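Subject: Structure for you, with notes

Hello,

Here is the structure I promised to send over. My notes follow below it.

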Amino acid sequence: MRMRPWSIRTAAAFTAAIVSLSLGALVARGAGEPVKNPDTFVELQFGDVTSLDPDLAYDIYSAEPIWPNVYETLIIYSGSSLDKFSPMLATEVPSLQNGLISKDGMTYTFPLRQGVRFHDGSVMTPDDVVYSFRRFLLQDQAGGPAWLLLSPLLGVDSTRDKQGKIQVTFDQVQRAVYAQGNSVVFHLKRPFAPFLTIMAAWGGVMPRKWAAAHNDWDGGAATWQKYNNPKTEDRYQFDHMNGTGPFMLEQWDRQNKEVILVRNDHYWRQPARLRRVIIRSVTELAARRLQLQQGDADLIVASLNEQSQLRGLPNTVMQTKLPQIAVQTLQFNFKINTDGNPDVGSGKLDGQGIPSDFFADIHVRRGFAYAFDYAQNLSSAYAGQGILPHGPIVQGLLGYDPSVPTYATSRDKAIAEFKEAQGGKLWDTGFKFTVPYTAGNTARQVGATILRDDVQALNPKFQLSFRPVPASALNEILFSHKGTMYFLGWFADYPDPHDFAQPFLSANGYFPVRGGYNNPEADRLIDQAVATADPAKRAAIYKQLSMIAYNDLPYLFLVQPTTYYTMRSWVHGWYYNPIFPGQYYYTLYKQ
Amino acid sequence: MSRFIARRLLLLPFVALGVTALIFSLLQLLTPAMRASLYITDPKQLNALPDIIRKYHLDQPVYVQYWEWLRQVLHGDLGWSETAREPVLTAIRGYFPATFELALYSFACILVLGIWLGTLSAVQKDKIVDHLSRSTSISGASLPTFVWGLVLLMVFYGHFGWFPPGRLGLDADLFVRSPQFHPYTGLLTIDALLNGQWWLLWDALRHLVLPVATLTYFITATLVRITRSSMLETLRADYVRTAEAKGLPRDVVVDKHARRNALIPVITLAGLLFVGLLSGVVITETVFNWPGIGRWGVTASQQLDIPAVTGFALIFAGMLVLGNLCADVLYAVVDPRIRLQ
Amino acid sequence: MSAVRVPSLVAPGAPTVPRVQPSAWQRTVRRFRRNPLSVLGLCIIVFFVAVALLAPLLAHPIERNPYMIPHQGYASDPRPPGPGHPLGTTEEQFDLYYGAVWGARSAFVVALTVVGAGIAVALTLGSLSGYYGGWIDEVVMRVTDIFLAFPGLILAVVIVAVLGQSARNAMIAIAVVAWPTYTRLLRAEFLRVRDMEYVQAARAMGVRDVFIIIRHVIPNTIYPIIILASLDMGGIVINFAALSFLGLGAPPGYADWGQLISLSHNWILGTAGDPFQYWYTLLVPGVAIFLFVLGWNLLGDAFQDIFDPRQRGSV
């Protein structure tokens, strides 16, 4: 029994290769703690950039490179503050005192900074600023952020009506945004208290000539309709950036899922200290964590339930309990579409299903509200990282009031409410339905488990189950009003209570359109609050709205979660503002 | 021979059509709203759905949409992939070299290991060596790839720091992006050689070790089994027994006669194996964050990125038919007994 | 997908020479016993069958659906083995012991369902195709070509993405990917047997086709199917696990080894101080899958050694 000579040779060669490879790698690997790549910053997150166009991108992963790193706004939030602003591309923050806001609150004037250069070298003029904002309003891609400024400036939520026909004119836009000497003037349709807040976060400025030279709108009256509602891929700005910010886009590598920024040496302020920034998307937590440990990454983003694994990693710092202007809710559908709906069982109140108006009954909703264990949800699904909200106006917003009552978990009260529900019949008949939740979202899955356990423990005739659905299916369910109860979160577009009150309580807000909630009093108050300038008066109105939310109970407000970042201890200059979609690399350096 | 080749090639458009029609028919089960969801990321964008459906003609009957897509393809345009954020063809061209490189190195290792172990096993049938090699290879096939991959990652990257995930380290990545580097093939190891950058070659190889090890361990088992059984069959053949009866030593018999004949079915299988590798790298690419076509394919499928999935299907069907063709031709060329009409 | 199908490597129609020899059964047993690996495989499978059958006794079901693993609380960090949880818990406190035991049952259900579906389709289509030939054969072959031209895992992902995530849909997806191979194999076998003398004789005698197929053809073609099926049992469970890993298999909390592994993959690195802190989350389902697949691979190999017609004739 002899081994083949060639096989011995092969085995030896193979082993030798492995050994030398490993030894070599061992030697190549650096030892210990000196800063790796001192002028390059690597951030690892796990989302996808959809577009680098500041007028079309609407998610945080796309927004991170855009603002305020590459494109800049006229004003910006001061440091970590949410209600104080500093001038950025403007030289002054408009206010009533300095007269840059008109007395009737309908005109805002922004004097522009001189000598600011774009990344292509051209100088910023009022024409460019006007163009940028008009483009923001008129490109209006379906699902994009244009409505944020369309609403106050033109009084509509879209440039197109429900049939898809254009419903605004260039004239209206011209009167809403125009240049006046060295300033840019915005003329609102009606007084809108959060206008400055929106301006501090939206509306990146780009040069008109550059855009026009690359197949985009030239700013003219006659041509804008052709550029309305583009397909993502039709715009040069989709993957090319030209702003005024401290960083320029070097490349968006879609294969490696990374955005690479380089320092803008002709920035209008002191140039950034970092020479290069790489933002890469890595889905596997293990890979993110290991790269942080090895120093190949400087900062990583991870979900709350992964936090315990990242604690205490050597040479790292974890910034935790970072407040977010966001809320997670469990919503009721007041009018369920029972046609071909797998989640409603029999569709009747016979113990084997639920009827279409099941949740329209306040006692049913209160039953769920008292049954759900909010504390358990916070500690299990969100690792205790967050606070229990008091209605839609969350902490950090004007009008937040911790004295607004909440539904504390109480088994007895839940039973009492359920006994009164559906004219007293529900308790004996029972019900059965399914809650769809976003597949892969562990927090919501735990929440669904808690809901089921809490409710089923009250009465054996109560049957509740839950199923994971992919995002596309959930969107379909919501779109066709087939949802029963569903978990939805809301993240601030801008840190003003209007951005929360309207989507939750207004009849044509996002959530009531899905769920069918409707209260004219709420609408009235919302309109009143947004038009009032005095913060104290506004706060009072929002407190009233919070009470309406408590009494009407269209949603269960579950958690206002916090967030955290884990970074190497050689990272300095980091600061946090809840409204930033990601990191602000301007102030960062490694040492 | 040429008629045979021609007939096989004629299959190609048919299969391609069939595969894409299969995908499209599956998608008939989706509502326009679900398909439009590809373009939004947050439920707050839901009221844009009617707009999106209108814009992309998603409410038209499926056969109309298929016909539109077909017309596009015949003009050389495979469409736009939302998940890749670039045209489908560009995405495939970008992702394919990474997968190809991974598959190539894995394939080489698999071939070497598989044939060696298989031959060894067959020659030493039912002895310790046979049992050992069969156990090892079967164990390889018994463990889910991602488990094995994660364990490797944990030990060799997490603990030792030798072999990182991804395709290139930071410096190497920046260098490849710079104008000093000329990409000739898209295969980083080859390109590094052609550019004369030894450190780059080293870096690329370092990143290849773990994914290749993962893939190799998992797939070698099959090849060992095939080689072994094929070798066994050959060793039992009359001419081998005759040679042994005449007094030729075992090694010579195996070396000179048996192996060549035993390898014939292995060759045919190798072609299929390679194509199978190209599609089987999905999990490995996900675990090691390898920017290849498998990982992209899964993401596209999960999010119902129809242009991507159908473009993908098209390319794969083509590769498979060509791969099968090569294997069959090779089989016919190598084995004089088989002549195909 | 995992294993690659073994094509029919030998020219069909090799005549069998009648010899004096011990009975088939005795030969089978003897060859089986000679190979320790085969015995090992058999033992493993018998063990798992026992666990699957005795599941309700070994792990008493608590939830309304016995396949849903009971959980104590909702804390997200896994707990190590201890009182009440002999093998520890996964994230969200699903008991690993319960999951492992009932996972055996669901593994068999999944594997047998898919193999059953594959064989059922193969019997119908493959027999029609192989026996009658002609245009039926062409059509069936082209259809299998189409299904085989697409990477298995991707096709499965598309199917589950379209149908919705559930254990049942994942099984459907895997079955859809698996049937072409079974059909092809059975068809090849049918082609081989169809031309054999006794089948021709039966036809000449006027025996009905259906009868011939059932009585003569199937029993003689079943062996490659058995080999394929036993080798595939493990592969199917691994593919199911892969789908779970991608978030497309059984819902979280379902007693399925693949699901348990997918729940563990975030914890593989442990914490800062102890990289192996959560070893049990990976080891318990990992060992279970490993042994299950190993058992079937060994058994399949053993069957191949025994039933393979090329090796049947030798001493």
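How many residue pairs are in polar contact across the interface of chain A and chain B? The rule finds 16, counting pairs with both residues at pLDDT 80 or more. Keep in mind that this is a predicted model.

On the chain A side, helix α1 (residues 5–28) gives the largest share of what touches chain B. That share is 12 residues. By type, the chain A residues touching chain B split into 28 nonpolar, 22 polar and 20 charged.

Now the contact as a whole. Chain A puts in 70 residues, and chain B puts in 61 residues. Together the two chains bury about 5800 Å². Carbon and sulfur atoms carry 61% of that buried area.

Salt bridges next. The rule finds 5 across the interface of chain A and chain B. A:Asp493 and B:Lys44 form a salt bridge through their side chains. The N to O distance there is 2.8 Å.

One more item, on chain B. A nonpolar surface patch there covers about 560 Å². Its residues are B:Tyr184, B:Ile190, B:Leu193, B:Leu194 and B:Trp198. Which helix of chain B gives the most to the nonpolar patch? Helix α9 (residues 188–195) does, with 3 residues. B:Tyr184 sits in the loop between α8 (170–177) and α9 of chain B.

Best wishes

Terms used:
Residues are numbered from 1 along each chain as its sequence is written. Chains are lettered from A and ligands numbered from 1 in the order in which they are written. Side-chain values use heavy atoms; hydrogens and water are left out. Contact means heavy atoms within 4.5 Å. Buried area is the accessible area (1.4 Å probe) that two parts lose on being put together, summed over both. A salt bridge is a side-chain nitrogen of Lys or Arg within 4 Å of a carboxyl oxygen of Asp or Glu. A polar contact is a pair of N or O atoms within 3.5 Å; within protein, one must be able to donate a hydrogen and the other to accept it, and residues adjacent in sequence count only if both atoms are side-chain atoms. Helices (H or I, at least four residues) and strands (E, at least two) are DSSP runs, numbered from the N terminus. Ala, Val, Leu, Ile, Met, Phe, Trp, Tyr, Cys and Pro count as nonpolar, Asp, Glu, Lys and Arg as charged, and the others, Gly among them, as polar. Patches are made of residues with over 30% relative accessible area and no salt bridge: like charges are joined within 9 Å, nonpolar side chains (Val, Leu, Ile, Met, Phe, Trp, Tyr) within 5 Å. Accessible areas come from the Shrake-Rupley method with a 1.4 Å probe; for residues, only the protein chains shown count as cover.
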